[in-house]
Amino acid sequence: MAEADIAYVATAGAAGLALAISAWAWRLRARLGAREVEIERWMSNERVHAAACEGALNVFDDVRLALTPEGSAQSVFGAPEALAVLAPGLDGTAAGDAVVRTMNEAQPARMENLIRRGEPFEVLLETEDGPWAVEGRALGGSAWLRLSRLGGAEAAADAGLGALAEASPAPTWVVDGTGRLIWANRAWLTETRAETLTDAREAGLSFDRGADAVVAEASRLNARQEGFRWVSSDGRRKAWRILAEPLAGGRGAVIAFAIDMTEAEETRDTLRRHVEAHDETLNHLADAVAIFGPSKRLAFHNTAFQSLFAIDPAWLDERPTHAELLDRLRQKRQLPEVVDYAGWKAKELDFYGAAQASPDDSWSLPDGRTLRVVRQPHPLGGILLIFSDITDELQLRSRYNAQIQVQTATLDKLNDAVAVFGSDGRLRLHNDAFEIFWGVSAARLAEAGDFDAVAALCRPVLPDASLWLGLKARVADPDPESRVPIAGESRLEDGRMVAWQTRPLPDGATLVAFSDVTARRGLEQALAAKEAALAESQALKREFVGSVSYELRTPLTTIVGYSELLEAMGDLPERSRQHAGAIRVAASHLARSIDDVLDMAQIDAGEMELALGDMRVCDLLEASAEKVRSKVEGRGAVLNLSCPAGLKPIRADARRIGQAVDHLLENACRAVSEGGAVTLSAEIGSGEVRIRVEDTGRGIPYHLQAHVFDRFVRRERGGPGVALALVKALVELHGGWAEVQSEPGKGAAFILHLPVEATAPTAAPELLLG
């Protein structure tokens with residue numbers, strides 16, 4: 001390219017660049033002008049907004065201060081009149097510094113925490129013009145103070161009362177941050193005996209010191225506080241519940257309420273005493289009681305509950321749940337053993353939802369006890385459980401039923417027709433012989449029921465009206481003179497002879513028995529007619545034995561049996577039981593006397609055979625001593641037993657020798673007195689063994705000693721009888737003999753001389769010693 005062309009191109013390029021730069025500069029200047037106009041407009045708006053904010057801060061009757069990090073006033077906003085009150089004669093920053101100094105003097109800690117840590121606060125500042133509310137706040141690293149004039153008591157009252165009315169029955173009052181009373185309602189004035197609110201302020205009255213402490217604590221913590229106080233008023237103590245609530249925006253002001261809890265506390269105290277009395281009553285029950293609350297935890301248990309299950313009292317005091325208690329009882333094997341324990345346990349816990357008491361249940365425990373369990377809802381929620389140990393009751397019932405069955409079976413085995421009528425005249429019991437004797441079925445007897453109806457069924461067989469009237473008097477008449485045993489004989493319509501008798505029973509019932517004695521009477525008449533010319537003595541003995549056997553032993557066996565049955569009845573009164581025991585003892589004694597007479601008759605007739613065998617004398621003496629030991633000790637005496645260790649067995653009838661020793665011991669027991677002694681001993685002699693029964697009683701007079709072994713002879717020891725005569729006869733039957741040694745006033749000793757080898761001629765041949 002030519003140099004001219006290069007120059008042309010360079011000139012053209014420079015001109016274009018200059019033109020472009022000029023255009024760019026013009027556009028930049030236009031943009032800067034527009035931005036400057038925009039900035040001026042924004043600054044103008046900001047100045048207007050700042051003026052509006054400052055006007056808004058200054059238009060209200062409060063003061064706001066912006067603080068520097070050092071704690072001095074940086075900016076002051078507020079009405080001049082407010083600044084003039086807070087800092088008289090100052091304005092601007094100087095007035096703000098004066099306010100800051102006042103706050104540092106009044107609340108140094110809070111000012112320090114506001115500036116250093118940004119912790120807000122609300123307090124009251126007292127000035128000559130009145131209280132000012134001061135709020136401290138932190139914002140963006142700066143600290144601010146706001147001071148507002150309080151509007152007076154009426155304004156504070158309006159703020160504190162809210163929806164509460166002046167006529168509220170609960171004493172209500174409002175205090176400021178310094179604890180000064182601002183407002184109180186009429187109920188508060190009544191309780192403090194103040195006429196007006198002004199009087200209360202001037203007198204410095206307060207509801208109660210404890211209530212003032214609760215209010216002060218609510219103001220300090222700026223949180224709701226509650227308390228309970230007993231205050232004396234109008235001569236009586238009242239219970240008050242104090243509620244103190246800080247007011248929102250109240251600058252430390254607190255509203256307090258006093259709620260009268262006197263009636264509630266008295267009711268609670270009465271309920272507590274009733275509960276304590278109820279618990280004390282339950283503790284005296286023999287049944288175990290446990291109460292579980294709505295939470296299924298043990299709320300109460302009596303001492304019987306702890307004793308029944310033998311649970312640690314400390315563990316029960318921890319209030320275990322019902323489920324925990326069942327688990328503990330299962331560990332101790334004191335719950336019924338079931339296959340599905342989880343299901344059984346869930347079923348037990350389902351009773352909490354029941355609306356009414358469930359049917360009684362029974363638990364059969366592994367240890368053999370049976371418990372009755374009662375479950376019922378508790379009035380205060382939860383469930384009440386009652387456990388009763390009915391093991392003894394079931395055993396007693398079983399024994400009672402067994403005794404009834406034994407009694408019925410015993411009556412059914414009797415040949416006599418027996419019926420028992422209660423004091424109300426109703427038929428209680430009868431045996432099969434009664435139905436057969438009168439030809440009446442059991443169904444008709446059950447339908448008849450009372451004595452008159454039963455007598456009507458029996459009259460076709462025995463139409464004696466006077467007899468039935470007499471029996472009815474013994475059955476239904478409560479007069480003791482009428483309740484005496486009677487007996488007699490009557491002739492039936494078919495010619496048979498019947499012997500009847502009545503026996504009053506201890507429980508007020510009466511036993512009536514009928515016995516067919518036709519054959520007996522015929523036999524007696526035949527014997528009297530045919531045997532008059534034969535050996536009179538032998539006939540009399542046999543007749544005596546038969547008569548006693550039928551006439552005495554059979555009724556006595558019945559009396560003893562029924563008296564034993566009555567003693568075994570569980571529902572028999574103690575006094576009646578004693579009467580039955582007395583009847584049994586007397587009947588047994590009479591039966592024994594009859595047995596003695598029969599034995600004597602048998603011996604006299606030569607019909608008693610001895611069952612000889614090896615007899616251990618020491619064992620026999622020990623057994624006899626145990627029979628009478630209680631009797632001897634009951635008379636205040638002692639029983640001594642002495643037997644040689646090397647005494648060998650002798651050949652004798654142990655039953656008959658024991659019978660003889662028993663008679664001698666009973667004789668000694670009757671003779672001995674308090675402080676005395678009865679001695680039973682055995683001695684080895686030449687070819688014999690001597691059994692000695694000795695007492696320290698009054699002894700036997702010399703003139704009676706020769707007749708002491710005679711039968712049916714009146715003597716001082718034991719009265720008339722055959723006991724000692726039987727003793728002598730039994731010993732002589734063994735080939736031995738009996739003797740008595742006595743000195744009047746010094747006791748008596750009876751000695752039985754028994755041969756080592758008895759040679760009784762009446763012994764069974766196979767028992768005779770060879």
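This is a predicted model: local features need pLDDT of at least 70, side-chain atom pairs count only at pLDDT 80 or more; totals for chains, interfaces and linings use all residues.

The conversation below takes up the terms in turn.

Visitor: What makes a segment count as a helix or a strand?

Guide: Helices are DSSP runs of H or I with at least four residues, and strands are runs of E with at least two, numbered from the N terminus. The chain has 25 helices and 27 strands.

Visitor: Why is lysine 296 called partly exposed?

Guide: Buried means under 20% relative accessible area, exposed over 50%, and partly exposed in between (1.4 Å probe, protein chains only). Lysine 296 has 33% relative accessibility, so it counts as partly exposed. This residue lies in the loop between β11 (288–292) and β12 (298–301). Most residues other than glycine have a negative phi.

Visitor: What of alanine 310, buried, exposed or partly exposed?

Guide: Alanine 310 is partly exposed, since its relative accessible area is 47%. It is found in the loop between α10 (303–309) and α11 (313–317), and it too is a non-glycine residue with a positive phi, of about 55°. In the chain of 770 residues, buried residues make up 39%.

Visitor: How do you know that the buried residues of α13 lie on the same side?

Guide: In α13 (residues 341–349), the buried residues are Tyr341, Trp344, Lys345, Glu348 and Leu349. They cover an arc of only 135° around the axis, which puts them on the same side of α13; the arc is that of the directions from the helix axis to the C-beta atoms. Ala342 and Lys347 are exposed on the other side.

Visitor: What covers the buried residues of α13?

Guide: The cover includes α12 (322–331), β13 (361–364) and β14 (370–377). Contact means heavy atoms within 4.5 Å.

Visitor: Why are α17 and α18 called roughly antiparallel?

Guide: Axes are lines fitted to C-alpha atoms, for helices over the stretch in contact, and angles run from 0 to 180 degrees between N-to-C directions. Angles under 35 degrees count as roughly parallel, over 145 as roughly antiparallel, 65 to 115 as roughly perpendicular and the rest as oblique. The axes of α17 (residues 451–458) and α18 (residues 465–476) come within 11 Å and cross at roughly 155°. That makes α17 roughly antiparallel to α18. Phe451, Asp452, Ala455 and Cys458 of α17 make the contact with Trp468, Leu471, Lys472 and Val475 of α18.

Visitor: What makes β22 and β26 edge strands?

Guide: Two strands pair if DSSP finds at least two bridges between them. The open sheet of five strands has the order β22-β24-β25-β27-β26, with mixed pairing. β22 (638–642) and β26 (737–742) each have a single partner strand, so one side of each is left without a neighbour in the sheet.

Conventions:
Residues are numbered from 1 along each chain as its sequence is written. Side-chain values use heavy atoms; hydrogens and water are left out.
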